[in-house]
Amino acid sequence: MKLIRFFSFTILIFALIFSVSFSQDMRPMEIDDIFKIKRVTDPQLSPDGKWLAYVITEVDKAANKSNSDIYLMQSSGGEVRKLTSSPAADNNPRWSPDGKTIAFVSTRSGDTHIWLIDVTGGEARQFTTISTGASQPVWSPDGKMIAFVSTVYPEFSDKPFKEADALNKKKNEEKEKSKVKARLITKLLYRHWNAWVDDKRQHVFVMPVDGGEPKNLTPGDRDGVPTSSTFAAGDEFAFSPDGKEIAYTATPTENEAWNMNHDIYTVLIDGTNRKQITTNPAADGYPRYSKDGKYIAYRRQLTPGFEADKWELMLFDRAKSKHERMTENFDAWVLDFEWTDDSKKIYFPSEENANQKIFCLSLKDKKITRIIEEGVNSNVNISADGKLIYFTKHTLERPIELYSATSDGKNPQKLTTTNDELFSKILFNKAESITYTGAGGTTIQSWLIKPPMFSAEGGPNKKYPLVYLVHGGPQGAWENGWHYRWNPQIWAAQGYVVMSPNPRGSTGFGQQFLNEISNDWGGKVYEDLMKGVEYAEKLPYVDANKMASAGASYGGYMMNWFATQTGKFKTLITHASIWNFYSMYGTTEEVWFDEWEHGGTPWDAPEAYDKFSPHKHAKNLLKYKTPMLIVHNELDYRVPVTEGMQLFTTLQRMGIESKFLYFPDEGHGVLKPQNSELWHKTVFEWLAKYLNK
């Protein structure tokens, strides 16, 4: 008995020593860790259900770029095999119906094209050679055709393919070689996000797999798929089960910068018998045929001009030409969705209370069942027998990995361990979901992240500076998911308590809650946010005298509004921010956004533009004199760089401490690895200057 007790005591001592050693090996997250993370995306289940193809993107910081390759793994977990190994980007894998070939998109030929590779391995072969490039491959059900998207000049699109392709090539080459880089612009939308449109159109083509010419199925001066990611949930076109037709989402016929009336069409694969199947004056999209061919399911919004209206699931009966609402009483957005093979159910992800959950809709009774709960879950694949689902999951503590579960959401299994070794060395505190009372007594949810060494340093007995992060959108949310640019954990690793609230306008808390930010950008939402600051100030471990706030896009706007409305913060960091509602309207590309959010055009609703535009309250900057770090990028056509310039000029002219970090080669975000590194270092050095005094 004494020997057993001695042995047990020895094991206990060894366990304690091991635990201490293990904790000593753990460390807070560092900036460089962001670039070591392998990014898992786009899982695709093989037709026989035995394999998953997916993409891993790795960052090469020294080369200032990323590279993507396609991997295969058994769907039950275990064996992982790298299918492509090109220095170019390989992504968007799609299985042939017989499971022998994968089509994918690659830049290995210099331009973006579709390539084919045998699943057993070997050399990939280039499938498309169209001069305007190709992307988004979709196989026909019989495996004889592949549909894809190419961006062409519409004036040539009605000509025979060889002639049209030659004319497209000639026009592109002439533009590239010409020393005159002027553009003659005749209409809106002439640029988008970070690129010029140049009067080109995204058209849908089909091409025989065994050879032959591509066929343009959507000719004319109109896009065959949405140009704006706002109206896309993935590939916005699909083959019918018999392979005879394609359904696709067409953009508005005119006034694209302020018209959101996307509609769904069908067309035979020979280009004839085009039919418009939706007449809703708002946006329709993402058509998907049921496996039995009876229905086309799609997403729609009901309010013209409102990009953040609820996306609901619709069902179009092909035989009866009848439309039916399937999620009328579901107070959340339907994102991308997937039919089961028996055509009886549809699975879809949707935001709910700062998580993105997976739901299942039964067509028989329209019953919606919550299947997968915590984290951000998406990219649903369903086995042919309907017994298993496969999906991606990420949380505020871990980036994307692949998972499986039974079709009712039970027995979830993590299939990939792509970043486990890296994260086994990094110390995090799990994000806490808290609530507080906002404007009008409304409950507001927020994430609270404590520094990684919080417990070791005495926890509540020590005071920490607070960083208050405001999300963009404004119709967006801080979800329980991993972010590669605005990651709360890396901010907490600097020694700060981080609070990320979801005020009015946040998605996933009901449509009415979301709607209440429109035409009220500095109203109830500002009160919601300041109530959150009051909540944080009362936490025993927060130093209320050392608080900072940061945000991008709408979050950047709110930093500018904070600067004119409160002196609570020691400093503010404003990225891609809006300073002047009037100049923003005149230089942004999607003007429907400003017209809805501010109640009309500047000449029709000047009072609304005046009320909450920070530039109209510029004199208040002198009242608070809050130091500001401004970040803005030349290629940001959504919130043009002149917004940041105007703010910087104002601050400098007033003698308020400020710096302007300008990137000439970035759009709305900062994506290039070395640029991202500079962004993080500049931001954290600026924070330390004011919070660590």
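This is a predicted model: local features need pLDDT of at least 70, side-chain atom pairs count only at pLDDT 80 or more; totals for chains, interfaces and linings use all residues.
1. Residues are numbered from 1 along each chain as its sequence is written, and side-chain values use heavy atoms, leaving out hydrogens and water.

2. Start with the largest nonpolar core, which has 62 residues; Tyr468, Tyr557, Met558 and Phe562 touch the most other members. Such a core is a set of buried Ala, Val, Leu, Ile, Met, Phe, Trp, Tyr and Cys residues joined through side-chain atoms within 4.5 Å. Buried means under 20% relative accessible area, with a 1.4 Å probe and protein chains only. A second, separate core of 43 residues includes Ile34 and Val631.

3. Now look at Tyr286 and Phe337: their ring centres lie 5.1 Å apart and their planes stand at 85 degrees, so this pair is edge-to-face. Rings of Phe, Tyr and Trp (its six-membered ring) pair if their centres lie within 6.5 Å, and planes over 60 degrees apart count as edge-to-face. Tyr286 and Phe337 are both buried.

4. Phe330 and Phe359 make another edge-to-face pair, with 5.1 Å from centre to centre and 75 degrees between the planes. Both of these residues are buried too. In total, the structure holds 42 aromatic pairs.

5. Finally, ring pairs link a cluster whose members include Trp521, Tyr557, Trp561 and Phe612. Tyr557 is also among the residues that touch the most other members of the largest core.

Note on methods: Buried means under 20% relative accessible area, exposed over 50%, partly exposed in between (1.4 Å probe, protein chains only). Rings of Phe, Tyr and Trp (its six-membered ring) pair if their centres lie within 6.5 Å; planes under 30 degrees apart count as stacked, over 60 as edge-to-face and the rest as tilted.
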